[in-house]
Amino acid sequence: MSSTVNVRLNVNGTEHELDVEPRLLLVHALRDKLGLTGTHVGCDTSNCGACTVHMDGEAVKSCTILAVQADGAEITTIEGLGTEENLHPMQEAFWNNHGLQCGYCTPGMIMSASALLARNPHPTEEEVRHGLEGNLCRCTGYHNIVKSVLDAAEKSSGVGA
Amino acid sequence: MSATGQAPAGHVGRALRRKEDPRLITGRGSYVDDINLVGQLWAAWVRSSEAHAKIVSIDTSAAKARKGVHAVYTHADLDMEAGLPMAWVPPGVEVKTPPHWVLADGEVKHVGDPVALIIGSDRYAVVDAMQDVIVEYDPLPVVTDPEKALEPGSPLVHESLGTNKVCDWSLGGGDLEAGFAEADVIVERRVVNHRIAGAAIEPRGVLAEYRGGKLTVWSSTQVPHFLRLFLAMLLGISEERVRVIAPEVGGAFGSKLQIYAEEVGCAWASRKLGRPVKWIETRSEGMMVTHHGRDQIDYVRVGAKRDGTITAWHTKIIADLGAYQMLLTPMIPPLSAFVMCGVYKTPAVHTDVVNVMTNKFPTDAIRGAGRPEATHLIEVVMEQLATELGMDSLELRRKNFIPPFSNGHETPIGIAYDSGNYDAALDKMLEHIDPAAVRREAEGLRSRGVYRGIGFSTYTEICGNAPSRIVGPGGFGLQGGGWESATVRVHASGSATLYTGTSPHGQGHETGFAQIVADRLGIDPSQVEVIHGDTQTGPFGLDTYGSRSLAVGGEAAARTANKVAAKARAIVAHQLEADPDDIELHDGKFSVRGSPDKGMTLAEVAGAAYVPENLPEGMEPGLDEQSFYDPENFVFPFGAHACVVDVDVETGKVEVVRYVAVDDCGPAINPLLIDGQVHGGITHGLGQALFEQIHYNDDGQLVTGTFVDYALPTAAELPSYELDRTETPSPVNSLGVKGVGEAGTIASSAAVTNAVIDALRPLGVNYINMPLTPMRIWEAINQGQGASPEGGPHS
């Protein structure tokens, strides 16, 4: 328990070198070691998706990955996706469409949704609904989340992003 | 006040994007677990694995010896004179209330009952130490069924009380006996409204710091003001030295309307150790020890004449309260009785509540709190009655609707509704969905093995807690009412801060309340900062629950802004040598009527107020006002919902095909926020009806203890909703508004249940209780086989 392992993580474009317990979850490394508290924890069983980040471009649940497993990976968290001054189109779409209420599931939801559009830039409503199956929201009934993702997809086609 | 008569123009009514969102969509929100203090320790709770047992011994020595552990406490260490509070008691009856300690005293009463509190250096260390605490239990008999708990000889949850019955309580009016005597038809149903969880996605969490004689507690709570009061009382700290902050709160749905053991225990431990103490709930803990809701068995008996006129309605509620009574526990089932008239002019309505204890975690308020249970049974039984009478269920409803009213309708049970137009809501719903067309589609689909059904729910509910004169000692005899406070502080440069006593957790008050204030002061909502959830910054408040924030807190904000505007007009009139009554707010300026160019902006007024060189004689400097608003009555939103489902009769799976909701919560402050509340509300009711259940087995073990077993609806299981509104102003407040946070939940479980029953009727299934899981539906179909005029599913 006391032995630590050295891991290197590139998080939001910045290189970090950390000495971590082998059992440390990636989400705790991000939150407690790097102070990136935008990534949330909502369950113990990988059901809720509040902890979703991008690892080497793929949406992953950071509560289900050990920090040591992410050694050498490039991680993007919600803080790296966009800022208040320079929002990512998915963040903008969630704001425009009232795609959030309490905001707790939102970072994970936005990370999953942006990865979904990267895989499938023009999804149907059905595809969006199935694509977000791994992220739970208790406030919105998903109605405006789905609307946000479809809106982001439509807008990005004009921008070509 | 003259400002009240001035029609606010501008931002109210507009679908403004939320002011809250930029920080939340970029991960810059600050929830309890995002806050850390220097010297902070962590807490973990060793919890009972038994549903009912004597604690023979607790050995904490190995845990205490473990590296990183600072302390391990059991009940014997607690120097607290009282346990967790129960604050809302059904009036006029004896209520049996067991003690409820922060750590169990000698016996455990449900799985998860805390037996030891571990304090250590980090979140992993305290969890490691949990396995070192050895608790020896001597199991006692368990009761989990509330009807069995009432039988003689049942195991007793609390032996010392001599019974599992907490209390009987009744509310009614009209001549029930005469009503049933006149009835041509009587329908009786046993309606089970099963136990559910609030399941906010942010688990609960507490960070407590006792330092320099002052206690500061950050908690994921809906009720920071209540929490401060009870922490002060339980810990013996004078209230002015206790500060509670509800930072960003990640959803609550009633489940954080509570005074929890973990909040009191962490504060206590922080004082004991002189270090900040933090606890963050795991989801498995949350399912076990964050209060549950519903759990009623309702025996419904309704009488009607052949033409559909309802003559009498009786309900007996057997409510399973679990093992202890928490903040509002015993008063939640009685809230069902308050709305048991529904939208109907039934002359005799009577409800008998029996509150019962079992070896489960306590129930308390979960989204709707008593009103979803009432609406579910009313609306499901209405469709049962329609079938019995051979009438169309919407015709039956219309026949019994209370006719439109704009300023008061007395129900037989002593509750006066504020305003309603139930026909209009139903008419509007029928503009969106044609039941006859759905039924024609259903005919066609059935030949292909798809069973489509349509169901409805027309509801009203009681919210806007709470008018003191109605609920208090002069009325129903409850403890206190539910006024709300607001302070509006205009800054020297002309922007404003609103301090509200409400405590939102996702509803969007920072936007909606800013719209209300901005219009009254002639500034932009972006210039109004709304501060909430911190007992140190504003006046005492009564927090957020029961769809009260806008109708009570929003009205308080409006009234306070009107006071500020009145003072502004007096200052402007003085400076411009005009009559204050001639000053009007126009295009962001307080100007003289008829001379719009002659006027002052709020910034200019604030300058004059804070540099008081030329104020009216006797006027105090400053531009800062406060109000406490106690409403005259509750408010009663209403609406009409329709649900269409397809049932796969091979698997029993239900697919919600369409959901149409027309809701009336008075004039919209921000339609975007209303729609959002309705979307989430509908989903909570659909979730209960189709997927969710807190299930204990006969041994009192929680079977649905994680999100793997407790099935929250996902995006893939739901359709997009079709919403519309009617706007019937409430006469109770100047905004005309009613609450909307719970309305969707209150309406939707009945609509979907009725739709499923409608789909299954050709298979001989005439009634089925929630949760409408595939297994339960499959069983109902297969039991119904043969009774159906069309034969079974395979014919």
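**Stop one: two domains in chain A**

Start by colouring domain 1 (5-81) and domain 2 (89-156) of chain A, as the domain assignment gives them; such bounds come from an automatic or database assignment. Before going on: this is a predicted model, where local features need pLDDT of at least 70, side-chain atom pairs count only at pLDDT 80 or more, and totals for chains, interfaces and linings use all residues. Residues are numbered from 1 along each chain as its sequence is written, with chains lettered from A and ligands numbered from 1 in the order in which they are written.

The centres of domain 1 and domain 2 of chain A, taken over C-alpha atoms, are 21 Å apart. Contact (C-beta atoms, placed from the backbone, within 7 Å) involves 16 residues of domain 1 of chain A and 13 residues of domain 2 of chain A.

**Stop two: a sheet in chain B**

Now show E18, E26, E27 and E28 of chain B: they form an open sheet of 4 strands in the order E18-E26-E27-E28, with mixed pairing. Strands (E, at least two residues) and helices (H or I, at least four) are DSSP runs, numbered from the N terminus; pairing takes at least two DSSP bridges.

Select E26 (638-648) and E27 (653-664) of chain B, which pair in the antiparallel sense over 11 bridges. Zoom in on B:Val647, whose bridge partner in E27(B) is B:Val654.

Conventions:
Contact = placed C-beta atoms within 7 Å.
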